[in-house]
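Work through the following exercises with the sequence and the model open beside you.

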Amino acid sequence: MGTGFLTLPWAFNSAGIVLSLITLGCVCLISDVSKDYILETMSRADALFRARSRSEGRNLASLSIHSAVDLVKLETGKIKSYGSTAASSDETAGLLTPPSGASSPHLVRSRKFEVVELCSMFLGDKGSSTYIFTLGLYMYGTLWAYTSVFANACSYALPLSKMFGVGVDDYLVYVAVFASVVVPLTCMELKEQVAVQVFLSLCRFFMVIVMVGSVSYAMHATTAQFDDQTSCHGSSLVNFSGLYKMLPIAVYANIFHHSIPGLSSPVADKSKLSMIFGSTFAFGMIAYGLIGGVVAWYFGDSIDQSANLNWVGYHAGTGAQTPEGNWTHKSWLTAAIAYFVVVFPATDVVSAFPLNGITLGNSLMGMWLGPDIRDYENDVNIVRYFRLMAAVPSIIGACFVRDLGFITAYTGITGFAIAFTFPALLNVNSKRACNRAGIDSATAYTKGFVSSDLFSYVVAIFGGILIVFVFGSLIYEETMKMSTK
């Protein structure tokens with residue numbers, strides 16, 4: 001739960017409560033399917049890697065992962081081997097045949113395969129380059145959005161210029177504060193952040209309870225709880241004209257497919273990865289449905305694009321309103337709840353920024369170093385350099401462009417390809433690579449028909465259609481706005 005849920009109530013109001021719930025449910029279900037495609041591909045990549053190691057009689061730890069990458073490419077005739085002589089297709093097929101008694105189905109193991117490496121193995125150089133470009137747009141835009149959310153919310157909740165009477169740009173001050181925290185965290189490994197991540201996860205659960213609980217109480221209260229609002233404003237149930245606003249936000253709120261390899265590493269029992277990530281989508285569907293539906297129904301058209309800002313006027317029937325419209329002398333508990341809801345989503349991106357920064361940094365390192373990445377992945381200075389290349393540009397950009405809507409409107413579209421199209425294509429091509437190599441393609445994460453080639457192609461095409469639909473709708477909206485000026 002990063003910044004995705006902040007705009008969900010606004011999106012629910014735009015597309016209608018019922019249509020939004022259906023859309024959210026479909027996105028969560030398809031996202032759950034596509035996350036298994038990533039896990040399946042990681043398992044098959046490991047199987048190919050281990051088979052190549054056995055065929056060459058070498059220790060697993062000493063064999064470069066790119067031996068497996070090159071062999072898969074060699075199988076399809078796309079490149080020559082890095083070795084002195086390229087083997088024939090018949091020879092390579094025999095090399096990968098697992099010994100008798102090999103365990104099946106395949107499982108994700110300790111060796112980590114980044115998605116960019118999987119694309120290189122199974123989609124070729126063009127597929128890998130396309131993924132890196134798509135991921136770069138999405139990740140830089142996401143990190144940019146995190147910075148903007150934090151700085152805007154904090155400058156609104158704690159305006160230093162007013163509190164201390166100094167002539168400073170609060171936004172830029174909080175950008176600097178944010179950078180001082182997230183940049184060092186991005187240079188750390190996930191295992192070193194467990195305590196921070198667990199604490200913020202508990203805060204997110206509490207956030208869901210507070211938002212839904214306070215609004216639910218306000219619906220049945222006889223006195224105003226938010227500003228002078230005494231009743232539900234209501235919202236439409238179905239509004240197809242707002243669907244293009246709901247779709248990218250629903251995907252943006254649920255996407256973490258690009259981080260699955262990194263998130264899988266700290267898990268001890270990797271046979272439970274599908275269940276763990278599936279539980280995440282289940283929680284997201286329930287939590288996002290409650291937040292989006294309840295909050296949108298109560299506030300209606302008065303909902304802010306960043307829904308937490310509606311809690312600025314939360315007073316729970318206590319205190320008094322000033323001529324300027326502000327509420328003073330609220331009870332301490334009411335003030336604490338209002339402050340938590342307004343500020344926590346912004347501070348929560350302190351958790352989300354490093355997760356995404358690490359993923360982008362690792363992908364940049366894989367793109368730049370290529371076959372030599374395994375020689376440098378334990379070099380702390382090299383790793384930190386690429387992590388900084390991922391984190392710093394977005395923070396600098398946020399100093400100049402602060403509009404969250406502008407930042408996320410177009411970069412979020414790439415999430416459709418990352419969450420749906422690429423995982424589906426990887427699933428199909430990794431199965432074909434295993435079949436060519438004489439290895440069983442079944443994995444511990446294979447789930448019948450939804451793992452089939454036919455369903456995978458449906459998911460891939462679905463992602464492509466969403467890109468065209470949402471991008472076209474945004475262009476049409478901008479054109480209409482320009483024509484009315």
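**Exercise 1.** Which backbone oxygen does the side chain of Gln 225 reach?

*Solution.* This is a predicted model, in which local features need pLDDT of at least 70 and side-chain atom pairs count only at pLDDT 80 or more, while totals for chains, interfaces and linings use all residues. Residues are numbered from 1 along each chain as its sequence is written, and side-chain values use heavy atoms, with hydrogens and water left out.

Begin by locating Gln 225, which lies in the loop between helix H9 (194–220) and helix H10 (243–254); helices are DSSP runs of H or I with at least four residues, numbered from the N terminus. Next, follow its side chain to the backbone oxygen of Thr 223, which is reached at 3.3 Å.

**Exercise 2.** Determine whether Gln 225 is buried or exposed, and list residues that it touches.

*Solution.* Gln 225 counts as buried because its relative accessibility is 3%, where buried means under 20% relative accessible area, exposed over 50%, and partly exposed in between (1.4 Å probe, protein chains only). Leaving aside residues up to four places away in sequence, Gln 225 touches several residues (heavy atoms within 4.5 Å), among them Tyr 217, Ala 218, Tyr 314 and His 315.

**Exercise 3.** Where is Val 149 found, and what separates its C-alpha atom from that of Ala 398?

*Solution.* Val 149 is found in helix H6 (residues 124–157) and is buried, with a relative accessible area of 9%. Although Val 149 and Ala 398 are 249 residues apart along the chain, their C-alpha atoms are separated by 9.7 Å.

Key. Helices (H or I, at least four residues) and strands (E, at least two) are DSSP runs, numbered from the N terminus. A polar contact is a pair of N or O atoms within 3.5 Å; within protein, one must be able to donate a hydrogen and the other to accept it, and residues adjacent in sequence count only if both atoms are side-chain atoms.
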